[in-house]
Amino acid sequence: MSDEASPYATPTHAADTLPTPPAVVPGQIKVLGIIHLVFAGLGVVMILLALVSQKWTESMTAMQEKAGGIQAAQAQISRAVVEVSEPITWFGYVSALILGVMLFLAGLALLKRKKVGLSWSNRYAWTSIIFKVINLIIFITLVMPKINGVFAGAESGGREMQIFGSVMKMTTIGTGIVSPVISCIYPVVVLILLNRESVRKSLI
């Protein structure tokens, strides 16, 4: 009679055998892994398009120069802007290639929930931010003074040249300053979303 289980006893053995529910994997791991790979691919495509566009722009500029008149004057300014912007242009190609490789490695690892994916993501994010700061410094210290010199002649020309020079100058300087700032958004998002405690614990 003493060996019989009491109806008032707590079924501890049954509770011990209950399956543990699987941990919820944060969705940003897979989402950012996919975005990493997309951005890595886009980076390569953008480099190729930029190189093709550079050749096309060179051809169009040569045609305008042959046309003479105001078209030739505008073409000379466009060519001068391209030439003085070369430090930024080539730095952009090299940095985009480096960041693309880092994003590719990080994206693959994140899709497999590997901790190395977080490591590569952090490396990418900080490297990207540093590159943007260097880009901005090069533009402000080296490129912008030369751009101001290029457009000085246009601003002293006729009205049409003045309008062309003013618009192109504002566009060039605005793009050179705003683009690096906007490009920092994704690296900052990566640092915030992937370094949460829940994400770190979900990686293997």
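**Figure 1. The buried side of helix α7.** Y186, P187, V190, L191 and L194 of α7 are buried (under 20% relative accessible area, with exposed over 50% and partly exposed in between; 1.4 Å probe, protein chains only). These residues cover an arc of only 140° around the axis, so they lie on the same side of α7. The arc is taken from the directions that lead from the helix axis to the C-beta atoms. An α-helix has 3.6 residues a turn, so residues three or four places apart point the same way. The model is predicted: local features need pLDDT of at least 70, side-chain atom pairs count only at pLDDT 80 or more, and totals for chains, interfaces and linings use all residues. Numbering starts from 1 along each chain as its sequence is written, and side-chain values use heavy atoms, leaving out hydrogens and water.

**Figure 2. Packing of α6 on α7.** Helix α6 (residues 159-183) packs with helix α7 (residues 185-194) at about 15°, and their axes are 4 Å apart. Axes are lines fitted to C-alpha atoms, for helices over the stretch in contact, and angles run from 0 to 180 degrees between N-to-C directions. The angle makes α6 roughly parallel to α7 (under 35 degrees; over 145 is roughly antiparallel, 65 to 115 roughly perpendicular, the rest oblique). V181, I182 and S183 of α6 make the contact with I185, Y186 and P187 of α7 (heavy atoms within 4.5 Å). By class, this contact has five nonpolar, one polar and no charged residues.

**Figure 3. The largest nonpolar core.** This core has 18 residues, of which Y124, Y186, V190 and L194 touch the most other members. A nonpolar core is a set of buried Ala, Val, Leu, Ile, Met, Phe, Trp, Tyr and Cys residues joined through side-chain atoms within 4.5 Å. α2 (27-67), α4 (86-111), α5 (115-155) and α7 each supply at least two residues. The largest share, five residues, comes from α5. A second, separate core of 15 residues includes V81, I147, V150 and M161.

**Figure 4. Surroundings of L194.** L194 touches Q28, I29, L32, H36, L110, L118, S121 and V199, not counting residues up to four places away in sequence.

**Figure 5. The loop residue R113.** R113 is found in the loop between α4 and α5. Its phi is near 60°, a positive value in a residue other than glycine. R113 counts as partly exposed because its relative accessibility is 31%.

**Figure 6. The chain as a whole.** The protein chain has eight helices and zero strands. Helices (H or I, at least four residues) and strands (E, at least two) are DSSP runs, numbered from the N terminus. Buried residues make up 32% of the 204 residues.

Technical notes
Ala, Val, Leu, Ile, Met, Phe, Trp, Tyr, Cys and Pro count as nonpolar, Asp, Glu, Lys and Arg as charged, and the others, Gly among them, as polar.
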